[in-house]
Amino acid sequence: MTLSALLPTRKPWFWSFAAAFAAWGMLVLFLQGRGADEAVTASLAFAAFFVIVGLGQMMVITLGPGNIDLSIPATITLAAVVAMRVMGGEDANIPLGVLAALGCGVAVGLFNNVLIHLLRMPPIIATLSASFLIQSAAISYGRGLQVRPPQALQDFATARLYGVPVNAVCAVLLAAVVGVVLARTVYGRSVLAVGQNPRAAWLAGVRVGLVRSATYVLCAVFAALCGVLLAGFSGGASLDMGQEYLLASIAVVVIGGCSVAGGRANVPGIWGASLFLFLLVSMLNSMGLGAGFRLVLTGLIIIAVITLAGGEPAQR
Amino acid sequence: MTANALPSRNALFSRNALLSRNALRAALPAVTLLLLLGTIFWIQPRAMTPFGINLMLNLAVPIVLATMAQLFVMTVNDLDLSIGGFVGLSACIGATWLNQTPLLGVAALAACILAYAGLGALIHLRRLPSIVVTLGMSFVWLGLAVILLPTPGGAAPGWLKSLMAFKPPYLPFPILASIVIALLVHVGLMRTSYGAILRGFGGNPQAMRRSGWSSLRATMTMYALAGLFGVLSGLALLGISTSADANIALRYTLLSIAGAILGGCEFTGGRVSPVGAVLGALTLALAGSALTFLRISPDWQVGAQGAILIAVLALRAFVVRKED
């Protein structure tokens, strides 16, 4: 029996999990067997943030060529800053703070929509220029902010449920919901249909504009949610906290086996790719390399995985 | 007879209308720049001296060069998210190897340009999304720069410093350099036959392939040119700041995209405008100075660039609304 008969290599999510497993194996090897289970818990906790933003980016990229959200890092920062300000370190204000942060997400999503639809800007440029404004707003609003997150939020973000980090449980639930929405609801099917052929979808009665708008709002709301959780997890908001999530959100979508040309989403792959991304960085850390070599290897390995996972058969 | 004459007159009329819309579209980057300059001079008349202009446009040359690099990649419908890291690496090579052992420095910079061409080949042959590959490469460039220069420092070669400090008569150096760069790229890309072929690959790659041109060669040429201008941008930046840092140019990635778009380039179809992109880059370089004069908090410096981008694109959407 051949390897391909034993393993589901044809499934798009297979390679991302295989890569994650390989990175974990290497990590355990470098740690000489110590802390193998601790590495799994840590990677679940950290990968959860990648998953949350990755799901939003996946929905946007699934809308078809040219659709991408570059405002995710700025939205994460703004939502975290706003949430910390509103909560003011008081447990009682947590619901209000979360609502305010999600409100920021909705506002950012609507603003992106205004730029894309009313001003007819290409989504890359629309979300890029929006992110400039959002970033400035976050810097201006967050100046001198040194509020610690409320204790209850901190406890929640770092809590464990039967040894599994709570934020990972949240991300799994969120992924499950997104999976069901994509497969079973009119909205989810419409997203896929628009991504495969917007004109055909329009002729079939899908309200293309509305579906696109809703998806950009959804993506921004996910980024805002990630911002609140991240602030609770890392003990406060900082102005560059969203920075690494630009590459991460796009990379997990591509490594996870979603089509960059749109129309094909893949929820399990997002989890596999997120775990891989975190384990890759931990593996390189555990090798004791300098910062420069770590960066070079991270970049090269990501490119190698994308090259191996295969380009697009269709024209870009 | 009249039935024949009517459509032809209509065609003529609509072509005129199209011409004027295109003219408006082409004039938009220049108008934006002049408006911004006018505002600055109106608020602060003392800025209207060669010294003032030199000061405001101090960092314009490297931004213009990076924008040109981005424009080359955009011509073949790709996007380069690694140019900022690459400019930083070039500056670091310039501040270390090029200064101490010039031969090694030149070889390293040439290798960087070759790597860019190789990147183009990889993206083309495997049909990978350029955004993802270049995002990955931005880590590689940054990492190499950190390995080469772990802490900010190094020194610019003397000839580079004196080149960037050159004070030509009549015109401030940044403006003279921008004009030279704009003319050079404009002639090369818009006025030569191979330039038209390169742009053709952005417009309709299949048609170009069928007429016998190698699309691999075109992509590699464009990426190599992007690498060359990235290296030039790094060296120009080094000449101005006299020492380097791995993170020195990370924001150039977004600035170069914004500059090219401000100047009327499009993401698809090989529609680019070198002159417009230079004007767009100058506009963004000036936006920071304008804020200082308007007494707006530096917190909003990035935001102002975003606002200008949105305003110009809104204007353009208004001007060319009927085109599609």
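Modeller: In this predicted model, B:Asp299 and A:Arg143 form a salt bridge whose closest N and O atoms are 2.6 Å apart. The contact crosses between chains: B:Asp299 belongs to the loop between α14 (274-294) and α15 (301-319) of chain B, and A:Arg143 to the loop between α6 (123-142) and α7 (151-158) of chain A. The two partners differ in their surroundings. B:Asp299 has a relative accessibility of 10% and therefore counts as buried, whereas A:Arg143, at 55%, counts as exposed.

Over all chains, a search of the whole structure finds two salt bridges. In the one formed by A:Glu38 and A:Arg160, the closest N and O atoms are 3.8 Å apart. This pair links distant parts of chain A, with A:Glu38 in helix α3 (residues 36-62) and A:Arg160 in strand β1 (residues 160-161), 122 residues apart. A:Glu38 is partly exposed, at a relative accessible area of 44%, and A:Arg160 is likewise partly exposed, at 47%.

A:Arg85 lies over the face of A:Tyr141, 5.3 Å from the ring centre.

Contacts between rings come next. The count is eleven aromatic pairs over all chains. Among them is the tilted pair of A:Phe21 and A:Trp24, with 5.7 Å centre to centre and 40° between the planes. Both residues lie in helix α2 (residues 14-30) of chain A, three residues apart, or about one turn of the helix. A:Phe21 counts as exposed, with a relative accessibility of 58%, while A:Trp24, at 25%, counts as partly exposed.

In chain B, B:Phe86 and B:Trp141 form an edge-to-face pair, 4.9 Å centre to centre and with 65° between the planes. B:Phe86 lies in helix α4 (residues 83-95) and B:Trp141 in helix α7 (residues 130-148), so this pair ties together parts of chain B that are 55 residues apart in sequence. Both B:Phe86 and B:Trp141 are buried.

Ring pairs also build a cluster in chain A, where they link A:Phe46, A:Phe49, A:Phe233 and A:Phe278.

Methods. Residues numbered from 1 in each chain as written. Chains lettered and ligands numbered in written order. Predicted model: local features only at pLDDT ≥ 70, side-chain atom pairs only at ≥ 80, totals over all residues. Heavy atoms only, no water. Salt bridge = Lys/Arg side-chain N within 4 Å of Asp/Glu carboxyl O. Helix = DSSP H or I, 4+ residues; strand = E, 2+ residues; numbered from the N terminus. Buried < 20%, exposed > 50% of the residue type's maximum accessible area, 1.4 Å probe, protein only. Phe/Tyr/Trp six-rings, centres within 6.5 Å; stacked < 30°, edge-to-face > 60°. Lys NZ or Arg CZ within 6 Å of the ring centre and 35° of its normal.
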